[in-house]
Amino acid sequence: MGHSPSRQNACAGAADPLPSRFARFRRRLRLHRRRSGGGDDSASAKAIAADEFAGIARIRIVKADMRFKDKFFACLSLGDRTYRTETSDNTQRPVWDSEKKVIVETNGPHIARISVFETNRFSKSTLVGYCEVDLFEMLTKDLDEHSEDLPLLDPSSPNTTVGSITISCYIEDPVETEQSFARRVLAIVDYNEDGTLSLSEFSDLMKAFGNKLAVAKIEELFRQADTNGDGIVDINELAALLADQQEKEPLISNCPVCGEDLGKYDKINDMIHMTLCFDEGTGNQIMTGGFLTDKQASYGWMFKLSEWAHFSTYDVGLHSGSAASHILVFDRRTKRILEEVIDGKIVLSMRALYQSKVGLTLINTGVKDILKNLSEKQGKKMNSPDSAKDIPKFLELFKDQINMDEVKDPIESFKTFNEFFIRGLKPGARPIAYGDQDSIATCAADSRLMAFSSVDESTRLWIKGRKFSIEGLLGTSAHSNALSNGSLVIFRLAPQDYHRFHVPVSGTVEKFVEIPGCLYTVNPIAVNSKYCNVFTENKRVVSIISTSEFGKVAFVAIGATMVGSITFLKNEGDYVQKGDEFGYFSFGGSTVICVFEKDAIHFDADLVANSERSLETLVSVGMILGVSKRNSRLQVPELQRCSLE
């Protein structure tokens, strides 16, 4: 599909061709780039809002130049889909020349990740390098096909390269997309394969589409296409008619491939949907699809067999969090599904303890004390000089999830594991969105986030403990009626995360209340258990922040298994600015819960949408959380987009 001349005006007297939709599409891409790059926000934001776009990008992974010889394959991840190439020969310069068509649109994912794996047929393959590509940036180049050699970054140190990869990106002219698809479909009823359609063949096609309007107008539409009146229409003419008609008054009600109802979106999106569906159904695309994450795409058959034996699942949402050894989270920055893998033995033990009545009996007969003693011992161990030797092992375990280039101090300066665990970051590593606007709340931690407008929503979708309540969470001395029916947001920190937490709102710290308790794990397997109440039974520290924009906000730091201590860096009576460092957790995973008064905050739409399908959102300190409902004068920006800049 090349970039053909623009479609001609249907009016006989028109002398000049109309601009092709391809030209308009590229113009809209440029407007978007100027807006996100800091140009005239008001003018270009209006242009984008009035003129959304969608189109097909053809991404080709061509080859790579690696630093060592092996068998390699590459994965392309965009949004919640991942595709992989075939495995190369044993070489230092693998060539794949694999292509995939993907949708790019204004509000959709546009940061593609290319991952290169050293293959292993039996177990998990090893990630050796990756790069991220902004498709908007590539597609606005003044080239029919844009090719680039990109550095492959070391997963454990993004400032170090391990090779290079060549990719090309090409945007299809939407007019050509429509016409090409129409040719494919119409050829099905060209029974004598002469390249033309008779009225009877055309009638069969319209009836197959199942559109009553189309059936009623069969003869009229046929005459409209039959410009010379000879009673036959060639496929190219009919394809152009169908493309034009689909924009004005759609003739196709259902996708001929998957049967999905059309018309939910604009008409070009209908044609894009059908084009991609057709390509998938006929196997015309080179890369293998159907994966949620690049890790899933990289597994060898032996590992898949072991996972099947553990009854794991790759479903998105609650089931994957409560029953599987793979927790799927949505990366807010890249709009991509990521996978957190937990050791299968640990998963089985957590299920046995937290997801059964037998486990409940164990908890009530001494496991609470065992977890507490284990955590205290581990905390002491991680504060010993001998623990420093575990730092390199930890970095290797999470090499693609910890960026040491943003850490404030060099690794050799950490004398104990806990010093490394509570590491600080370089200035500017976590920019605070809208730092001068107290009416916009920001994320308190690098974490996996769930946001709920009410306690009822949280217990329906995520917290399955039988007796969870705001009063139980805050305790009698910190609880107030204003918070009883409030909104809450849960920030779950994993061991690999930056473990300092920050203030989400500006205000005065009224009080701190320490509440003793258990040290259950905060893993979703336990949180989703109906047999224990992790958040209301665990050790925690509650602070109440009084604000002008949100009223009172409760900030709850919750301990968990292996968490040695919770340390706050502010005192009662201190005024805190949103984004200020508030405290830190010592070794282990842990959680922060913020409770807002009822009708005080409007959470970002993407956070709520993910939470409604029980999918955690991966966020960083300083990203936008929501906006105050009490400041009616505030002109709310498109918060989801601002969060990603």
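A quick word on terms before the points: buried means under 20% relative accessible area, exposed over 50%, and partly exposed in between (1.4 Å probe, protein chains only).

1. **What we are looking at.** This is a predicted model, where local features need pLDDT of at least 70, side-chain atom pairs count only at pLDDT 80 or more, and totals for chains, interfaces and linings use all residues. Residues are numbered from 1 along each chain as its sequence is written, and side-chain values use heavy atoms, with hydrogens and water left out.

2. **Confidence.** pLDDT is the predictor's confidence in each residue, from 0 to 100. The chain average is 76, and 68% of the residues reach at least 70. Residues 32-51 are below 50, and this stretch has 23 contacts in the model beyond near neighbours in sequence (contact means heavy atoms within 4.5 Å). Residues 636-645 also stay under 50, with 26 contacts beyond four places in sequence. I'd read both stretches with that in mind.

3. **The annotated site.** The unreviewed UniProt entry puts an "active site" feature at Asp 446, His 502 and Ser 590. They span 145 residues in sequence, yet no two of their C-alpha atoms are more than 14.2 Å apart, so they gather at one spot.

4. **Asp 446.** This one sits in the loop between strand E14 (440-442) and strand E15 (447-452); helices (H or I, at least four residues) and strands (E, at least two) are DSSP runs, numbered from the N terminus. Asp 446 is buried, at 7% relative accessibility. Leaving aside residues up to four places away in sequence, Asp 446 touches Arg 430, Leu 493, Asp 497, Tyr 498, Val 619, Ser 620 and Val 621. With Arg 430 there is a side-chain polar contact of 2.7 Å. (A polar contact is a pair of N or O atoms within 3.5 Å; within protein, one must be able to donate a hydrogen and the other to accept it, and residues adjacent in sequence count only if both atoms are side-chain atoms.)

5. **Ser 590.** Strand E24 (residues 590-596) holds Ser 590, which is buried at a relative accessible area of 0%.

6. The structure holds 20 salt bridges, each a side-chain nitrogen of Lys or Arg within 4 Å of a carboxyl oxygen of Asp or Glu. Arg 60 pairs with Glu 99, with the closest N and O atoms 2.8 Å apart. That pair links distant parts of the chain, 39 residues apart: Arg 60 in strand E1 (residues 54-66) and Glu 99 in strand E4 (residues 95-105). Glu 99 is buried at 14%.

7. **Two other salt bridges.** Arg 500 meets Glu 581 with the closest N and O atoms 2.5 Å apart; Arg 500 is in strand E17 (residues 500-502) and Glu 581 in strand E23 (residues 581-585), 81 residues apart. Arg 500 is buried at 15%, whereas Glu 581 is partly exposed at 28%. Glu 457 and Arg 460 also form a salt bridge (3.1 Å, N to O), but both lie in helix H17 (residues 455-461), three residues apart, about one turn of the helix.

8. Ile 272, in helix H9 (residues 267-282), is buried at 3% relative accessibility. Ile 272 and Gly 55 are 217 residues apart in sequence, with their C-alpha atoms 6.9 Å apart in space.

Key. UniProt positions are given in the numbering used here, feature names are shortened, and annotations may be inferred rather than shown by experiment.
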